[in-house]
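Hi,

Here is the structure for you to look over. My notes follow below it.

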Amino acid sequence: MKKYRYLILFVFILPVIIVSCEYEFVQPIKVTLPNSVSYATDIAPIFDANCTACHNGSYKFDLHTANSYNNLKNGGYITPPDATCQLYVNVSTGHSGVELSAADKALILKWLQDGALNN
Ligand code: HEC
């Protein structure tokens with residue numbers, strides 16, 4: 001029996017080790033950002049398309065294009081204008097099952113870091 005020990009190791013255990021060493025290549029997500037982000041052109045349409053099913057004025061605040069900037073600003077959701085503000089926390093954590101694309105999240109973060117202007 002003793003002389004089969006290594007045979008058993010090779011036949012049964014080695015394949016398990018080899019298979020478990022397999023690894024996957026994860027492609028990094030490439031996001032190309034414009035030099036300047038405009039609220040009206042780039043950001044408001046994201047909120048209009050993805051948020052107004054719930055945030056339509058009857059729930060918390062209205063994120064339709066005509067009202068979204070003022071509601072976010074006056075409600076304090078974009079202060080401070082960085083990744084720690086309530087808007088970005090909600091956007092980046094995917095609350096209520098809302099998961100924006102990596103490109104949309106990057107756009108929103110850049111817009112915030114550029115001063116969160118109504119531009
Ligand atoms: C399916 C419904 C739904 C959608 C769509 C939705 N939200 Fe919300 N949102 C909620 C609920 C419910 C809360 C309160 C609970 C929470 O914070 O998770 C909330 C809270 C928030 C808050 C924090 C409000 C506060 O006073 O604390 C922000 C900011 C916000 N949402 C932004 C957004 C943005 C931006 C989008 C679109 C990208 C969006 N939401 C889409 C349901 C939704």
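Which helices each supply at least two residues of the shell around the ligand? They are α2 (39–51) and α4 (86–93). Please keep in mind that this is a predicted model.

Ligand shell first. There are 16 residues around the ligand. C51, C54, N90, H95 and S96 come nearest. The largest share of the shell, four residues, comes from α4. By class, the shell has nine nonpolar, six polar and one charged residues.

Next, the packing of α2. This helix packs with α5 (residues 102–113) at an angle of about 130°. The two axes are 10 Å apart. Angles of 65 to 115 degrees count as roughly perpendicular and those over 145 as roughly antiparallel, so α2 is oblique to α5. The crossing of α2 past α5 is left-handed.

On the α2 side, the contact is made by Y39, D42, I43 and I46. On the α5 side, they meet D104, L107, I108 and W111. By class, this contact has six nonpolar and two charged residues, and no polar ones.

One more residue to look at is S92. S92 sits in helix α4.

S92 and I108 are 16 residues apart in sequence. In space, they are 9.8 Å apart, C-alpha to C-alpha.

Best wishes

Terms used: Residues numbered from 1 in each chain as written. Predicted model: local features only at pLDDT ≥ 70, side-chain atom pairs only at ≥ 80, totals over all residues. Near = placed C-beta within 6 Å. Nonpolar A, V, L, I, M, F, W, Y, C, P; charged D, E, K, R; others polar. Axes fitted to C-alpha atoms, helices over the stretch in contact; angles between N-to-C directions. Parallel < 35°, antiparallel > 145°, perpendicular 65-115°, else oblique. Left-handed = near helix turned anticlockwise from the far one by under 90°. Contact = placed C-beta atoms within 7 Å.
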